[in-house]
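User: I'm new to reading protein models and I'd like to learn how to follow charged side chains. Could you walk me through it?

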Amino acid sequence: MKKTINFLLVCLFWSAVGIHSVQAQDIQAALVRLERGQVEKAGQLLQELHQAHPTAQTYFYNGYHAIRTNQLKQAGLFFEKGIALDEKRHPLNKAGLGIVALLEGRTADAERILEEVMKESKGKDSEILGRIGEAYTGYTQVINDTDKPLYQHHNAAKAIEYLEQAIKRDKKNGQLWLALGDARALSTPANGGPAVTAYEYALELLPDKSLPNHRIGTIYWAGRSYNLAGDFYKAAIKADSLYAPSYLQLAELNFKTNRYKEAAAHMNRYLALVEKPDAELRYRSGQFDYLAREYSRAVQKIEQVKNEIETPVKYRLLGRSYFSLKDYDKTIENLKTFLEKSPDKAEGLEYKLLGRAYQNITDTTIAKDSIVVFYLAKAATTDTAENLYSEIAEMSYKLKNYEDVVKYVEAGEKRFNKSSVKDKFWLAMAAYKMGREDSTMYLKADSAFAAVQESSPDHLPTILYRAKSNYYGYANQDTAYVKSVPFYERFVELAYTKKEEKKFKYDMKIALKYLYSYYTSVEIDPEKALDLAEKGKELDPADKDFNDMMAQLNNRPPKPNLSKPQ
């Protein structure tokens, strides 16, 4: 009977050892998931372990999971229940209660509880020393190039003190070296050397190299050694392809170094791995997609979180993306909302895209051209890529806003130190139209037309309007004749040469009649006058003026036949 009892005790002992061994492995697997960012999977595994076989360890690490997910009250409940299962010299859950007090800012309670823990464990328990030391870092969260504690109550010096004591008792524990690296990074943010040394020990001792590689990468990032930082993040991913934090860091690092397509790809991988990414991260991913010119993905992501993100910049990104996708109604909707909510942040591109979007919408019930001019004019003041003043000057002419044409052409010339032939033409045309109210504008028009003619000597409309500008620009009739006739003659000559007399039929008739008047009243040349009248009649037989002109010339007195002196 005694042997049977002994045999049963031995079996129970080895069974318990087996349970604890497997449980320890499963707890470690849960912690790996926690570090990867797979928070729910880690929590689920820990709860399953606890339900299957509650131990001091399952209570503590469920509480630890709650701490790492910012649920201190929940953590406290686990630790309070776990105290009953703590071993005599291993008061792990009691240490957990001290940690909760520390993180809640109950300093006196924390010091009292942790002092009791040290007495009970005789300050020799490396796991307890390590977990307390880690808690004093505030649980460092690596965000871009900054080691930012999750909790505001932290003390780097205390963290280092506890962790160094733990390492004295367990020098081969890579997790302790990793936590010491975090503490040192927090203690001396301007000097990453001591932290890297600790991380290198962790890299040597830990079977999973992802965490120490990741931490070293962040130290190099803080030191602006971006290539080295990227190398270590890639090494972390090589060690564990499911280690989400390094994908996030690589995305941010790629963004910082203007490699937007890589940034978008790494952020997408991060979102695929991490559980329930918050709205800010999904919005950030949408930003990267926009920069990578993946506009459909950008729109999809930003629209999903639009109501959860406060920044008005979301409307800017949506508006710009929708424009690239040729959804002009959505472009207008979002960019106008952005301008309403944050006019001080507006850039010229917003106004430019609004102008272009109004140009492309199908709505015919609004004065689109006027709206386009309004927005493009706002964009023109900052746009260095193209001279928008040129475009809006032409549009303003069609809208009969002649003063604006002159204003915009001159503004474009001032901004770009030049103006195109087309700009000069529209300025000249506008000045000509303004001459009806201010006759001095005719000569301004002729000056601009002259600049156009230098580049295009045979441009018929230019020559025509030079003739008109000179005719109306001079009050003295004789001067007007002298200035305008050469242009009218050149206009008529070129029209016939180019066989475009019928294209310019209305103005040709005016030119022919004007020249006829000149050659019958100023420069007396009946033959020239008759030639002009005949051309007019051929051009428009129904025009009575040309018939009258020919009749007048045919009925003129014969020219006296004067013989030369002998």
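Analyst: Helices here are DSSP runs (H or I, at least four residues), numbered from the N terminus. This is a predicted model, where local features need pLDDT of at least 70 and side-chain atom pairs count only at pLDDT 80 or more, while totals for chains, interfaces and linings use all residues. Residues are numbered from 1 along each chain as its sequence is written, and side-chain values use heavy atoms, with hydrogens and water left out.

User: Does Asp507 count as buried or exposed?

Analyst: Buried means under 20% relative accessible area, exposed over 50%, and partly exposed in between (1.4 Å probe, protein chains only). Asp507 has 15% relative accessibility, so it counts as buried.

User: Which side chain does Asp507 join in a polar contact?

Analyst: A polar contact is a pair of N or O atoms within 3.5 Å; within protein, one must be able to donate a hydrogen and the other to accept it, and residues adjacent in sequence count only if both atoms are side-chain atoms. Here, the side chains of Asp507 and Lys468 are joined by one of 3.0 Å.

User: How many salt bridges does the structure hold?

Analyst: Look for a side-chain nitrogen of Lys or Arg within 4 Å of a carboxyl oxygen of Asp or Glu. The structure holds 42 of these salt bridges. One of them is between the side chains of Arg68 and Glu134, at 3.9 Å from N to O. That pair links distant parts of the chain, 66 residues apart: Arg68 sits in helix H3 (residues 56-68) and Glu134 in helix H7. Arg68 and Glu134 are both buried.

User: What about Glu350 and its salt bridge with Arg320?

Analyst: Their closest N and O atoms are 2.7 Å apart. Glu350 is in helix H19 (residues 348-360) and Arg320 in helix H17 (residues 313-324), so the pair ties together parts 30 residues apart in sequence. Glu350 counts as buried because its relative accessibility is 0%. Arg320 is buried too, with a relative accessible area of 11%.

User: Where does Lys509 find its salt-bridge partner?

Analyst: The side chains of Lys509 and Asp540 meet in a salt bridge of 2.7 Å, N to O. Lys509 is in helix H27 (residues 505-521), and Asp540 is 31 residues apart from it, in the loop between helix H28 (526-539) and helix H29 (544-554). Both Asp540 and Lys509 are buried.

Definitions and conventions: Helix = DSSP H or I, 4+ residues; strand = E, 2+ residues; numbered from the N terminus.
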